[in-house]
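Please read the following note alongside the sequence and the model.

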Amino acid sequence: MKKITTRFLTLLVMVSLCSSPVLAASLPSDNTAKTEPAPATVTTAVEEFRNLSKHERKSRIKEVKKVLKEHRADKRAGRAADTDIVLLAILAILLPPLAVYLKEEEINSRFWISLILTLLFWIPGVIFALLVVFDAI
(Lines give C-alpha, C1' and ligand atoms only; values in the text may rest on other atoms or scores of the structure.)
Protein backbone atom coordinates (compact mmCIF):
# COMPACT_ATOMS: atom_id res chain seq x y z
CA MET A 1 0.00 0.00 0.00
CA LYS A 2 2.87 2.36 0.79
CA LYS A 3 4.47 1.74 -2.61
CA ILE A 4 1.23 2.47 -4.43
CA THR A 5 0.62 5.65 -2.46
CA THR A 6 4.19 6.84 -2.93
CA ARG A 7 4.08 6.18 -6.66
CA PHE A 8 0.73 7.91 -6.95
CA LEU A 9 1.99 10.98 -5.11
CA THR A 10 5.15 11.05 -7.22
CA LEU A 11 3.10 10.86 -10.39
CA LEU A 12 0.80 13.58 -9.09
CA VAL A 13 3.74 15.88 -8.38
CA MET A 14 5.29 15.24 -11.77
CA VAL A 15 2.02 15.95 -13.56
CA SER A 16 1.42 19.12 -11.59
CA LEU A 17 4.94 20.38 -12.22
CA CYS A 18 4.77 19.66 -15.93
CA SER A 19 1.32 21.18 -16.37
CA SER A 20 2.00 24.34 -14.41
CA PRO A 21 3.95 26.83 -16.56
CA VAL A 22 4.90 29.00 -13.57
CA LEU A 23 6.46 26.13 -11.64
CA ALA A 24 8.05 24.61 -14.72
CA ALA A 25 9.64 27.95 -15.58
CA SER A 26 11.02 28.34 -12.07
CA LEU A 27 12.76 24.96 -12.12
CA PRO A 28 16.47 25.02 -12.93
CA SER A 29 17.27 24.18 -16.52
CA ASP A 30 20.26 21.98 -15.75
CA ASN A 31 19.84 18.61 -14.04
CA THR A 32 22.72 19.01 -11.59
CA ALA A 33 21.93 20.32 -8.16
CA LYS A 34 23.93 23.26 -6.86
CA THR A 35 24.95 21.27 -3.80
CA GLU A 36 26.62 18.57 -5.88
CA PRO A 37 30.38 18.98 -6.13
CA ALA A 38 32.20 18.64 -9.42
CA PRO A 39 33.41 15.10 -10.24
CA ALA A 40 37.02 16.28 -10.28
CA THR A 41 36.66 17.66 -6.76
CA VAL A 42 35.25 14.35 -5.54
CA THR A 43 38.07 12.31 -7.07
CA THR A 44 40.73 14.56 -5.55
CA ALA A 45 39.06 14.37 -2.14
CA VAL A 46 38.92 10.57 -2.35
CA GLU A 47 42.58 10.42 -3.31
CA GLU A 48 43.52 12.71 -0.40
CA PHE A 49 41.52 10.50 1.97
CA ARG A 50 43.27 7.39 0.70
CA ASN A 51 46.65 9.02 1.22
CA LEU A 52 45.95 9.69 4.91
CA SER A 53 47.35 7.47 7.62
CA LYS A 54 45.12 4.92 9.31
CA HIS A 55 44.86 7.01 12.48
CA GLU A 56 43.91 10.17 10.56
CA ARG A 57 41.23 8.24 8.62
CA LYS A 58 39.70 6.97 11.84
CA SER A 59 39.66 10.45 13.36
CA ARG A 60 37.98 11.93 10.28
CA ILE A 61 35.38 9.16 10.22
CA LYS A 62 34.67 9.82 13.93
CA GLU A 63 34.21 13.53 13.18
CA VAL A 64 31.79 12.77 10.35
CA LYS A 65 29.79 10.38 12.55
CA LYS A 66 29.63 13.04 15.27
CA VAL A 67 28.34 15.69 12.84
CA LEU A 68 25.80 13.24 11.40
CA LYS A 69 24.60 12.37 14.89
CA GLU A 70 24.16 16.07 15.73
CA HIS A 71 22.26 16.61 12.47
CA ARG A 72 19.88 13.74 13.25
CA ALA A 73 19.35 15.02 16.80
CA ASP A 74 18.53 18.49 15.47
CA LYS A 75 16.11 16.98 13.00
CA ARG A 76 14.36 14.97 15.72
CA ALA A 77 14.19 18.02 17.99
CA GLY A 78 12.45 19.99 15.25
CA ARG A 79 15.22 22.46 14.62
CA ALA A 80 14.84 22.31 10.84
CA ALA A 81 15.99 25.07 8.55
CA ASP A 82 13.57 27.91 7.83
CA THR A 83 13.77 27.18 4.13
CA ASP A 84 12.32 23.73 4.71
CA ILE A 85 9.29 25.22 6.42
CA VAL A 86 8.80 27.80 3.68
CA LEU A 87 8.99 25.14 0.97
CA LEU A 88 6.61 22.89 2.88
CA ALA A 89 4.17 25.79 3.26
CA ILE A 90 4.22 26.43 -0.48
CA LEU A 91 3.78 22.72 -1.12
CA ALA A 92 0.92 22.62 1.40
CA ILE A 93 -0.94 25.11 -0.75
CA LEU A 94 -0.26 23.26 -4.00
CA LEU A 95 -0.37 19.60 -2.88
CA PRO A 96 -1.48 19.32 0.76
CA PRO A 97 -1.11 15.54 1.22
CA LEU A 98 2.45 15.58 -0.12
CA ALA A 99 3.42 18.37 2.27
CA VAL A 100 1.99 16.42 5.21
CA TYR A 101 3.84 13.29 4.09
CA LEU A 102 7.15 15.14 3.79
CA LYS A 103 6.68 16.81 7.18
CA GLU A 104 5.69 13.62 9.00
CA GLU A 105 8.11 11.42 7.01
CA GLU A 106 5.59 8.58 7.04
CA ILE A 107 2.09 7.77 5.90
CA ASN A 108 0.02 8.13 9.04
CA SER A 109 -3.45 9.31 10.03
CA ARG A 110 -2.61 12.97 9.37
CA PHE A 111 -1.68 12.11 5.80
CA TRP A 112 -4.96 10.28 5.22
CA ILE A 113 -6.99 13.09 6.77
CA SER A 114 -5.22 15.57 4.52
CA LEU A 115 -5.82 13.40 1.46
CA ILE A 116 -9.52 13.00 2.21
CA LEU A 117 -10.01 16.70 2.94
CA THR A 118 -8.14 17.63 -0.23
CA LEU A 119 -10.16 15.25 -2.39
CA LEU A 120 -13.49 16.33 -0.92
CA PHE A 121 -12.88 20.04 -0.50
CA TRP A 122 -9.58 21.64 -1.49
CA ILE A 123 -9.49 24.55 0.99
CA PRO A 124 -9.92 22.44 4.16
CA GLY A 125 -7.13 20.18 2.92
CA VAL A 126 -4.86 23.20 2.46
CA ILE A 127 -5.73 24.56 5.91
CA PHE A 128 -5.12 21.19 7.56
CA ALA A 129 -1.79 20.77 5.75
CA LEU A 130 -0.66 24.25 6.80
CA LEU A 131 -1.56 23.46 10.41
CA VAL A 132 0.48 20.25 10.25
CA VAL A 133 3.45 21.98 8.58
CA PHE A 134 3.55 24.73 11.21
CA ASP A 135 3.07 22.20 14.05
CA ALA A 136 -0.19 23.74 15.20
CA ILE A 137 -1.79 20.30 15.40
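1. Helices (H or I, at least four residues) and strands (E, at least two) are DSSP runs, numbered from the N terminus. From that end, the elements of the chain run α-α-α-α-α-α-α-α; the secondary structure comes to eight helices and zero strands.

2. This is a predicted model, in which local features need pLDDT of at least 70, side-chain atom pairs count only at pLDDT 80 or more, and totals for chains, interfaces and linings use all residues. Residues are numbered from 1 along each chain as its sequence is written, and side-chain values use heavy atoms, with hydrogens and water left out.

3. Of the 137 residues of the chain, 18% count as buried (under 20% relative accessible area, 1.4 Å probe, protein chains only).

4. The length of H4 (residues 54-77) may be checked: at 1.5 Å a residue it should span 34 Å, and its end C-alpha atoms are 35 Å apart, which agrees. The expected span is 1.5 Å times one less than the number of residues.

5. The axes (lines fitted to C-alpha atoms over the stretch in contact) of H6 (residues 96-104) and H8 (residues 122-133) come within 9 Å and cross at roughly 15°. H6 is therefore roughly parallel to H8 (angles under 35 degrees, between N-to-C directions that run from 0 to 180 degrees).

6. In contact (heavy atoms within 4.5 Å) are residues of H6, including Val100 and Lys103, and residues of H8, including Trp122 and Val126.

Methods: Parallel < 35°, antiparallel > 145°, perpendicular 65-115°, else oblique. Buried < 20%, exposed > 50% of the residue type's maximum accessible area, 1.4 Å probe, protein only.
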